[in-house]
Amino acid sequence: MNDILPEETPRWQIVEGAFRQLMRAYGYDEIRMPLVEMTDLFKRSIGEVTDIVEKEMYTFVDRNGDSLSLRPEGTASCVRAAIQNGLLHNQIQKLWYGGPMFRHERPQKGRYRQFHQLGVEVFGLDGPDIDAEIIAMTARYWRELALEHKVKLEMNSLGSNEARAAYRDILVKYFGQHSEHLDEDSQRRLHSNPLRILDSKNPDMQDLIEAAPRLSEHLDESSQEHFAGLCTMLDDLGIEYVINPRLVRGLDYYNRTVFEWTTDQLGAQGTVCAGGRYDGLVAQLGGRATTAVGFALGLERLIALLDDARVAQAAQPPHAYFIVVGSEAVRTGFRLSEELRDNIPGLRLVMHTGGGSLKSQFKRADRSGAQLALILGDDELQAQTVAIKPLRTEQHQETVAQDQLTQWLSKYIHSN
Ligand code: ATP
Ligand code: MG
């Protein structure tokens, strides 16, 4: 679990800020869920025989003897919250959330024990148009972050539950015939959850998985139509995708559409965004049957992909740094600073605190990245002026009357 230090937070603010704006642009509402839920919720939704539930959850018994877990993902909590708060009674909900998730994984690049996701969940819509909308929304997000050339979209359809059940039997038969080539995890899953075997990351298993019967050949007709509808809409929007018949996702609740945005720039941890339909989950968790679709994106991986140029473009150093030499100047400077902030919306002004010589304050002003130094020393106090020195250009220092400072600075900000 990592501290996120001040030098890194600008990157976080960029991805979070762009996401908020994206959600406004599409009319999605924010929901915030607790970080902790009853363990049972995750067992029932994500699935008992998944990596997450089998070996990655932070589970503990609280003072009442209840088994609780830190949330390993957001969908289960969001469904629980929507059911419990009556958000699903004949209503369509388009929701988003963000925050930390917890999984006890082996830490490595792109894989942490506390990581962060931004996610979207839509309830009450079953057509492929909403699948297309959330995918288009992610594509727009990559463009906004200048990442569109680093990621590609993979999609698959898992079909209806019935089609999956039939396919499951076919898989059990196939992998059963090759059981000597199955690793330990896959042996165990052969009967409990054979679809999971397709999701194995073990390189030794890849040939066997590649040759396995494909779910796409056993898809029910209405799921086929649904998927074809989605593909057509993405074609209309010019969004490129690759159909990957091996894509099954690491959680049990998905049906029909599943998708991942992947990158080849982060080594093995290449999935930056993943999602799909989970039409059965609301009913499974005790709500009235409600179709649903969503995705989550992993912020650590996204941030690792961000170009320094994109970060620099978003940088917002102070407009001005107020240098105040002497105790009288501190008092006047303070008063003027507050007045400036009152009167100039959006002004970014750092007031020097902690005293020190003119020279040492200049050093601080320079390090702050400010465009201007406002200087208040004995001479300026006497004359009721402020000296203004541009720190990033060759322009000359100017002297401005204190009662003209707001006007001067506001004009400066609007023309720079
Ligand atoms: P992976 O196959 O990489 O383990 P997953 O299928 O477990 O991913 P999801 O549960 O679908 O991942 O989570 C969605 C996204 O959250 C992932 O695509 C990834 O970007 C991010 N993510 C998942 N686990 C971690 C982790 N331990 N550390 C950092 N990011 C993670
Ligand atoms: Mg995982």
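User: How do the residues lining the second largest pocket divide into nonpolar, polar and charged?
Analyst: The lining has 10 nonpolar, eight polar and eight charged residues. Ala, Val, Leu, Ile, Met, Phe, Trp, Tyr, Cys and Pro count as nonpolar, Asp, Glu, Lys and Arg as charged, and the others, Gly among them, as polar. The model is predicted, with local features needing pLDDT of at least 70 and side-chain atom pairs 80 or more, while totals for chains, interfaces and linings use all residues. Residues are numbered from 1 along each chain as its sequence is written, and side-chain values use heavy atoms, without hydrogens and water.

User: How much space lies in that second largest pocket?
Analyst: About 470 Å³. Asn-161, Arg-164, Asp-252, Tyr-253 and Tyr-254 are the closest to its centre, out of 26 lining residues. A pocket here is an open set of points on a 1 Å grid over the protein atoms alone where a 1.4 Å probe fits, with protein on both sides within 12 Å along at least five of seven lines; lining residues have an atom within 4 Å of a point. The volume is the space filled by probe spheres set on the points, which are joined across faces, edges and corners.

User: Which helix gives the largest share of the lining?
Analyst: H6, with five residues. Helices are DSSP runs of H or I, at least four residues, numbered from the N terminus.

User: At what angle do H6 and H7 pack?
Analyst: About 145 degrees, with the axes 9 Å apart. Axes are lines fitted to C-alpha atoms over the stretch in contact, and angles run from 0 to 180 degrees between N-to-C directions.

User: And the domains, how far apart are their C-alpha centres?
Analyst: 46 Å, for domain 1 and domain 2. Domain bounds come from an automatic or database domain assignment.

Notes:
Chains are lettered from A and ligands numbered from 1 in the order in which they are written. Helices (H or I, at least four residues) and strands (E, at least two) are DSSP runs, numbered from the N terminus.
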